[in-house]
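Biologist: Could you take me through this one, and tell me what stands behind each word you use?

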Amino acid sequence: MNVYFLRAQDARRLLFARGGARVNLDLRKTGRTWLIEIRGERFIFPDGSEVDREIVERIAKDEGNLYFIAGGRVFKAAIAGEHFYKLVPTVPPTIEINGIRMHRTKGVTPLEDTINKINAVKPGEGEIVLDTCMGLGYTAIEAAKRGAYVMTVEKDPNVLELAKLNPWSRELFHSQNIQVIRGDAFDVVKRFRDGTFDVIIHDPPRFSLAGHLYSEEFYRELFRVLKHGGRIFHYVGNPGKRYRRKDLQRGVMERLRKAGFAGIKRVEEALGVVARKPLKSASR
């Protein structure tokens, strides 16, 4: 089934066109454009789907949401359940969960945000990477592009559904260098053998939503599955922010140290910290 995305600005372009217009329908993933024909009060998409002008007018007024056309029907790229999830019309898109965005979008694009995180540990050709919290998979995709083999973990089925819908996430499900694992990283990591990974990228939800992924117990598991000399990047967030009057980043660094990591330092451009597993384990 063909899936076509419409952003508000593209919908406005259609409304001002006569006879038809060429617009991008894959959220700027490619530079390709598709011809949309206009017949009276209906817009005809490449697969023959017809959308009423009234619907396109509603989309044109809604800057904060993405819409897609599939099987002749129009849907908002959002899921309402225990939480409210939606794709945000940034380029590339990010996910918003209960109003909280999964990527930085102020002064930086989600892709630039991803590259800053990847550059903190520089996964290379032939290395094995653990990506603890998949989201839309941009981190896993970027690491795989650099020649690494990536195991990426996602707990939330709603996030997984939005990733399957998002054109920018397609490589997740088609790359031979990426394995998607369903589950909570806290539990999944226990299945791996000691020293499995060259690199770990840990980009968890905020502390209030997933405190167990900031625990010393979890960090000890990450230490165990990382090879000696391996690198870890841990996204923390805005360095100056406080959580319950505690410096979250300082707490993360201290727990990483207690778990055995060394060379721990801040990476301001990626709003996180990096560390290494020593070449030889310290005796305990």
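Modeller: Let's begin with V88: neighbours within four places in sequence aside, V88 is in contact with L66, P93, T94, I95, E96 and R101, where contact means heavy atoms within 4.5 Å. This is a predicted model, where local features need pLDDT of at least 70 and side-chain atom pairs count only at pLDDT 80 or more, while totals for chains, interfaces and linings use all residues. Residues are numbered from 1 along each chain as its sequence is written, and side-chain values use heavy atoms, with hydrogens and water left out.

Biologist: Is V88 buried or exposed, and how do you know?

Modeller: Buried means under 20% relative accessible area, exposed over 50%, and partly exposed in between (1.4 Å probe, protein chains only). V88 has 3%, so V88 counts as buried.

Biologist: Where does V88 sit?

Modeller: In strand β9. Strands (E, at least two residues) and helices (H or I, at least four) are DSSP runs, numbered from the N terminus.

Biologist: What makes β9 and β10 a pair?

Modeller: Two strands pair if DSSP finds at least two bridges between them. Four bridges join β9 (residues 84-88) to β10 (residues 94-97), so they pair, and they run antiparallel. Within that pairing, K86 has E96 of β10 as its bridge partner.

Biologist: Which strands make up the open sheet, and in what order?

Modeller: Four strands, β8-β9-β10-β11, with antiparallel pairing. β8 (78-80) and β11 (100-101) are the edges: each has a single partner strand, so one side of each lacks a neighbour in the sheet.

Biologist: Which helix lies across β8, β9 and β10?

Modeller: Helix α5 (residues 157-165), which runs at about 25° to β9. Axes here are lines fitted to C-alpha atoms, for helices over the stretch in contact, and angles run from 0 to 180 degrees between N-to-C directions.

Biologist: Why are α7 and α8 called oblique?

Modeller: Their axes come within 9 Å and cross at roughly 50°. Angles under 35 degrees count as roughly parallel, over 145 as roughly antiparallel, 65 to 115 as roughly perpendicular and the rest as oblique. Roughly 50° falls in the rest, so the two helices α7 and α8 are oblique to each other.

Biologist: Which residues make the contact between α7 and α8?

Modeller: E216, Y219, R220 and F223 of α7, with V252, R255, L256, K258 and A259 of α8.

Biologist: And which residues of α7 are buried?

Modeller: In α7 (residues 216-225), the buried ones are F218, Y219, E221, L222, F223 and V225.
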